[in-house]
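This report concerns the sequence and the three-dimensional model displayed here. Please examine both before reading on.

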Amino acid sequence: MGYTRFVAIGDSQTEGMCDGDDSAGYRGWADRLADRLAVHNPGLQYANLAIRGKNTRNAREEQLGPCLALRPDLIAAPLGMNDVIGRADPAIVRADLDFIYRRLAESGATVVISTFPDVARTIPFGRTVEERLLLLNDMMREFAATYGFVLVDLYTAPVLTDLRSWARDRLHASPAGHDRFAAGAAYALGLPGSSADWGHALPPAYAPNPVVRALGDARWMVEFFTPWIIRKLRGRSLGDGRAPKRPELTPVIAPQALR
């Protein structure tokens with residue numbers, strides 16, 4: 001199927017954090033998917049309304065309307081991970097997701113959503129949110145079946161339990177991790193040249209001994225988790241006051257390497 005108007009909504013992963021920086025700009029999996037789509041869809045236009053720190057209620061109130069106003073025929077909307085980490089009420093999250101996804105389905109666009117990676121394998125406090133994560137992933141599978149969405153199963157991808165697929169903060173994908181997500185979405189959409197191997201494990205790497213791993217986890221808690229807790233207690237978010245990086249549909253020129 002050909003696409004002409006691709007719009008992405010969501011949070012920091014879809015914004016592309018840790019695939020670039022604030023000075024040069026962020027790329028991320030959705031931008032990488034747009035590049036792949038442009039190879040087979042000349043004239044593709046793309047907008048990215050995702051903003052770091054946003055949860056499902058934010059997406060419902062701030063992103064859904066602008067997304068639909070752009071009349072997309074392809075929408076990327078993997079939502080809910082910030083609700084998992086923020087310990088939001090699952091019933092409220094489900095209701096917000098159902099509202100959003102029902103409206104997206106009614107638009108007639110092809111909609112891409114995903115399960116979320118097994119963070120219990122990558123971040124020190126992952127086990128404390130595992131139950132909520134599994135519940136969210138069940139919701140995603142249910143919504144995909146109910147509304148006929150395209151589902152990218154990140155949870156079962158071995159590559160995404162490898163720390164090399166993650167940035168130093170372990171909360172956002174590395175450039176390589178973003179590229180694997182884009183490859184998974186391309187495969188789920190049936191793009192020519194995409195591969196079922198997108199989620200395969202990386203070659204084995206040297207594993208640090210338990211002491212080194214424990215020190216790394218402690219360093220992560222101080223450098224990344226503590227600031228997040230402080231922001232949460234203050235009711236602040238990294239996305240406060242930020243505008244989308246690509247609020248309007250603009251043309252995508254496929255990189256030469258992908259042509």
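**Basis of the report**

This is a predicted model, in which local features need pLDDT of at least 70, side-chain atom pairs count only at pLDDT 80 or more, and totals for chains, interfaces and linings use all residues. Residues are numbered from 1 along each chain as its sequence is written, and side-chain values use heavy atoms, with hydrogens and water left out.

**The whole chain**

The protein chain contains eight helices and eight strands; these are DSSP runs numbered from the N terminus, with helices (H or I) of at least four residues and strands (E) of at least two. The chain has 259 residues, of which 48% count as buried, meaning under 20% relative accessible area with a 1.4 Å probe, protein chains only. Among contacts (heavy atoms within 4.5 Å) with a separation of 6 or more, 78% join residues 24 or more positions apart.

**Helix α3**

Helix α3 covers residues 56–69; its 14 residues should span 20 Å at 1.5 Å a residue, and its end C-alpha atoms are 19 Å apart, which agrees. The expected span is 1.5 Å times one less than the number of residues. Just after the helix, R71 takes a positive phi of about 50°.

The buried residues of α3 are T56, N58, A59, Q63, L64, C67 and L68. Their cover includes β1, β5, α4 and α5.

**Strand β6**

Strand β6 spans residues 110–114, and five of its five residues are buried, so the strand is largely enclosed by the rest of the structure. T110, V112 and S114 point one way, whereas V111 and I113 point the other way. Strand β6 pairs with β5 and with β7, residues 150–152; pairing requires at least two DSSP bridges between two strands.

| Strand pair | Bridges | Direction |
|---|---|---|
| β5 and β6 | three bridges | parallel |
| β6 and β7 | three bridges | parallel |

In these pairings, I75 has V111 of β6 as its bridge partner, and S114 has V152 of β7.

How values were computed:
Buried means under 20% relative accessible area, exposed over 50%, partly exposed in between (1.4 Å probe, protein chains only).
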